[in-house]
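Here is a short briefing for someone opening this entry for the first time. Look over the sequence and the fold, then read the points below.

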Amino acid sequence: MTDASDIFSDTLDLFTTDDPLTASPSEVHYGPIQSKIPDHEGKAFMVLASQIFNSGLVMAEMMELGRIKPAGTRILELGASTSLPTLLASSFDSPPDSILTTDYPDAILIKNLQGNLQRNAHLAKCPITAQGYKWGDDVEPLLATLPDPTKGFTLLILSDTLWLHDEHTNLLRTISNTLSRTEPGYVYFTTGHYAKRPIVEEFFHRIETEVEMEYEEMTYGDKWEGEMPVDIGVGPERHYLDVRKAAVWCFRAWRRGLKPTL
């Protein structure tokens, strides 16, 4: 895998801005969840995990609204940053069976992930753990967290991963090797429009042809519908949440013949 500094250096100018729609505070609050954002240093900065992007917020809203149904699933989150969507899912009265949240294996990132899990541990109604993982690497350490590693995960959560064009092959490999081959399961993607539509479309062409999965784009308006309080530290929240949501594409994919019925 290419070093993170090489992968991301050409695109940092897209995100280093004073615009309140992309600038981030040190924490984000969504309903009862309080997540600290990684410090702006080292690999945390280079892999852009030191931001709270629109896609993570929209993924959390889909959890809140029930457009993603985590109850009884085995969740794997890739490129988690703050783990906001999966932390929210862990707090539900009908929670997942388990959650494994992952990000680039950098000490700052993983310490922050583990801190967020500890910060919200009193809310969790299911086991939730964190570990470092580079896309495309051996998935055995991920599967080993499951009671039966042969079954795989039944819900994958990926917020803001598709703009990383050079990493699509590694990402597809990890998805293919972790999503259950025997039980129905979804992979959910949210991605900001800065990913460029042709790059996103190329990824989903590959997911159909190389991983033998199907997919659909999810459309449900560009107005924020969540009712939980959200604090992202910028101005009149509702207006900014509307604008953030309008700048995100949402997709879900599943193995052929294993699309969930709900």
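The protein has nine helices and ten strands. The model is predicted. Its mean pLDDT is 87, and 83% of the residues reach 70 or more.

**Overall make-up**

- The protein holds 262 residues, and 55% of them are buried.
- Take the contacts between residues at least 6 apart in sequence: 78% of these join residues at least 24 apart.
- The accessible surface is about 11100 Å². Carbon and sulfur atoms account for 50% of that surface.

**Where to read with care**

- The pLDDT is below 50 over residues 1–23. Beyond near neighbours in sequence, that stretch has 43 contacts in the model.
- Residues 43–51 also have a pLDDT below 50. Here the model shows 44 contacts beyond near neighbours in sequence.
- Where pLDDT is low, predicted coordinates should not be read in detail.

**The seven-stranded sheet**

- Seven strands form an open sheet in the order S5-S4-S3-S6-S7-S10-S8. The pairing is mixed.
- Strand S5 (128–132) and strand S8 (213–218) are the edge strands. Each of them pairs on one side only.
- On average, neighbouring strands of this sheet are turned by 20° against each other, direction ignored.
- Strand S3 (residues 74–78) and strand S4 (residues 98–103) run parallel. Four bridges join them.
- Leu76 has Leu100 in S4 as its bridge partner.
- Helix H5 (residues 107–119) packs on the sheet and touches S4 and S5. The direction of H5 makes about 175° with that of S5.

**Asp103**

- Asp103 sits in strand S4.
- Is Asp103 buried or exposed? Its relative accessibility is 8%, so Asp103 counts as buried; the cut-off for buried is under 20%.
- A polar atom of the Asp103 side chain lies 2.7 Å from the backbone nitrogen of Ser81.

- Strand S1 (residues 27–30) has a covered face and an uncovered one. Val28 and Tyr30 make up the covered face. Glu27 and His29 make up the uncovered face.
- S1 runs antiparallel to strand S2 (residues 33–36), and four bridges join the two. In S2, Lys36 is the bridge partner of Glu27.
- S1 and S2 form a hairpin with two residues between the strands. In this hairpin, Gly31 takes a positive phi near 55°.
- Strand S9 (residues 230–231) also pairs with S1, in the antiparallel sense, over two bridges. Val230 in S9 is the bridge partner of Tyr30.

**Val139**

- Val139 is found in the loop between S5 and helix H6 (140–143).
- Val139 counts as buried because its relative accessibility is 6%, and buried means under 20%.
- Which residues does Val139 touch, not counting those up to four places away in sequence? They are Tyr133, Thr174, Asn177 and Thr178.
- Val139 and Arg173 are 34 residues apart in sequence. In space, they are 9.4 Å apart, C-alpha to C-alpha.

Key: Residues are numbered from 1 along each chain as its sequence is written. This is a predicted model: local features need pLDDT of at least 70, side-chain atom pairs count only at pLDDT 80 or more; totals for chains, interfaces and linings use all residues. Side-chain values use heavy atoms; hydrogens and water are left out. Buried means under 20% relative accessible area, exposed over 50%, partly exposed in between (1.4 Å probe, protein chains only). Contact means heavy atoms within 4.5 Å. Accessible areas come from the Shrake-Rupley method with a 1.4 Å probe; for residues, only the protein chains shown count as cover. Two strands pair if DSSP finds at least two bridges between them. Axes are lines fitted to C-alpha atoms, for helices over the stretch in contact, and angles run from 0 to 180 degrees between N-to-C directions. A polar contact is a pair of N or O atoms within 3.5 Å; within protein, one must be able to donate a hydrogen and the other to accept it, and residues adjacent in sequence count only if both atoms are side-chain atoms. pLDDT is the predictor's confidence in each residue, from 0 to 100.
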